[in-house]
Amino acid sequence: MAVTRPSKPGQSPRVTFVRRLRRRFGFIDSVVVATRPLRWKLAVVRAWVALVGGGLVHWVRGQTPKPGHLALVTLFMETGGRVNDTLAGAVAAFHPPYALPPAHGVLGNLDADNLGRIQEQLERDGYYVFENALSPEFCDNVVRQSLELDYLIMGDEAVAQGIPQLGRFDRAQPMAPQYSATRDDTTDIAEVQQLISDPSIITVAQNYLKSKPIFTGIYMGWSAAVKDTPDQNAAQEFHWDMERIKWLRFFIYLTDVGPENGPHCFIRGSHRTGAIPPDLLKLGYVRHRDGSIIQRYGHENYREFTGGRGTIVAEDSRGFHKGKMPTSGDRLLLAFEVSNTTFGVNKRHLIRNVHVPRLVEFARQYPRVYRNLDFAKPL
Ligand SMILES: O=C(O)CCC(=O)C(=O)O
Ligand SMILES: [Fe+2]
């Protein structure tokens, strides 16, 4: 009697049916094996069709259909980043850099030499650390305001329960590994508006992208030591991001971050085209254990960014990165994603109130930089 194995959870009846046929009839199995390369090619052709179709919809409506974004992820996995590079070249041709004011701001009064050095390190290593970019008073002001907000309470347990709950973050008694501020609360903080209209941040991003930059993601959240295993939802295991075609992230520490407070970590050089080997890419958009990644790239390429509050790390998070699981205390992080296009994940930000006049001035002068923001009152 043939043993019928139960279908795996989540496996479609069609897949189960084909599996049974393959087990029973050898020739069906050989056909499936022989046509595998063709199906692989079809998957790539399908991804290109979805990408081009998604690109057209995005161009007309400003919104990316989900299959379009998924196609970008597929093509990244298939080509190790070559598709992203080609598309980024095309975007740069359509949206060449702005003539920006001098790059004076929180990252320093950057001249051509400084900018050249930063660019070189970003391209080679995938990150650049700016120490003491923000004053302790600036950071403490944001911390104070942040403690008056209601947060989306995140983490694997919260996600398993369904819709995230809203609640305050109590530093003395954290209940979850991550508390994420809502997007519109984040952009209602004056200090955040100062930073998104900071010429040094905009210039470093524009140089890296080689085209007009756009603030596509503005995130603020607390991480806290509440668990003894890394939380996947809170990005505490190695992964690569793929929300956009090309982007640069700024990780801004608003509290002091020592080794125990969950420092951001990165694998030097893993952002480069072809730097993630096909067998790792094939695993998909998943979280990886520390051991497997550090062993693969060597301990000498592992970076753990500890630093006082006011430290800013610029990073191409196409490379392997994670937030280390905090073992005591907490960390308030502000993170900007600055991209060459809004194609990808659809998430806009609202500016409820303008606290910084320079933001309006810049939004008028450099509209593409702010095209992912909606202003509640017309400019
Ligand atoms: O919390 C961190 O340091 C990592 C966050 C992360 O993975 C990301 O912003 O893409
Ligand atoms: Fe990430």
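This is a predicted model: local features need pLDDT of at least 70, side-chain atom pairs count only at pLDDT 80 or more; totals for chains, interfaces and linings use all residues.
Reader: How do you know that the span of helix α1 agrees with its number of residues?

Author: Helix α1 covers residues 13–24, which is twelve residues. The expected span is 1.5 Å times one less than the number of residues.

Reader: What makes α1 hardly covered?

Author: A residue is buried if 20 or more other C-beta atoms lie within 10 Å of its own. Among the twelve residues of α1, the count that are buried is zero.

Reader: What makes a residue part of the shell around ligand 1, and which residues surround this ligand?

Author: The criterion is a C-beta atom within 6 Å of the molecule. The residues surrounding ligand 1 are Ala235, Asp241, His264, Ser317, His321, Lys322, Gly323, Leu333 and Ala335. Two strands, β12 (321–323) and β13 (330–339), each contribute at least two residues to this shell. The most comes from β12, with three residues.

Reader: How many residues of the shell around ligand 1 are nonpolar, polar and charged?

Author: Three are nonpolar, four polar and two charged. Gly counts as polar under the classification used.

Reader: How do you know which residues of domain 1 and domain 2 are in contact, and how many are there?

Author: Domain 1 comprises 14–94 and domain 2 comprises 103–375. Their C-alpha centres lie 29 Å apart. Contact requires C-beta atoms within 7 Å; 19 residues of domain 1 are in contact with 20 residues of domain 2. On the side of domain 1 that touches domain 2, α3 (36–61), α4 (66–79) and α5 (82–94) each supply at least two residues. The largest share, seven residues, belongs to α5. By class, this side of domain 1 has eight nonpolar, nine polar and two charged residues.

Reader: What makes β4 and β6 paired strands?

Author: At least two bridges between two strands are needed. Strand β4 (residues 151–154) and strand β6 (residues 178–181) have four bridges, in the antiparallel sense. One residue pair illustrates this: Leu152 has Ser180 in β6 as its bridge partner.

Reader: Why do β3 and β5 stand at the edges of the sheet?

Author: The open sheet has eight strands in the order β3-β11-β8-β13-β7-β6-β4-β5, with antiparallel pairing. Both β3 (127–130) and β5 (166–167) have a single partner strand, so one side of each lacks a neighbour in the sheet.

Conventions. Residues are numbered from 1 along each chain as its sequence is written. Chains are lettered from A and ligands numbered from 1 in the order in which they are written. Domain bounds come from an automatic or database domain assignment. Two residues are in contact if their C-beta atoms, placed from the backbone, lie within 7 Å.
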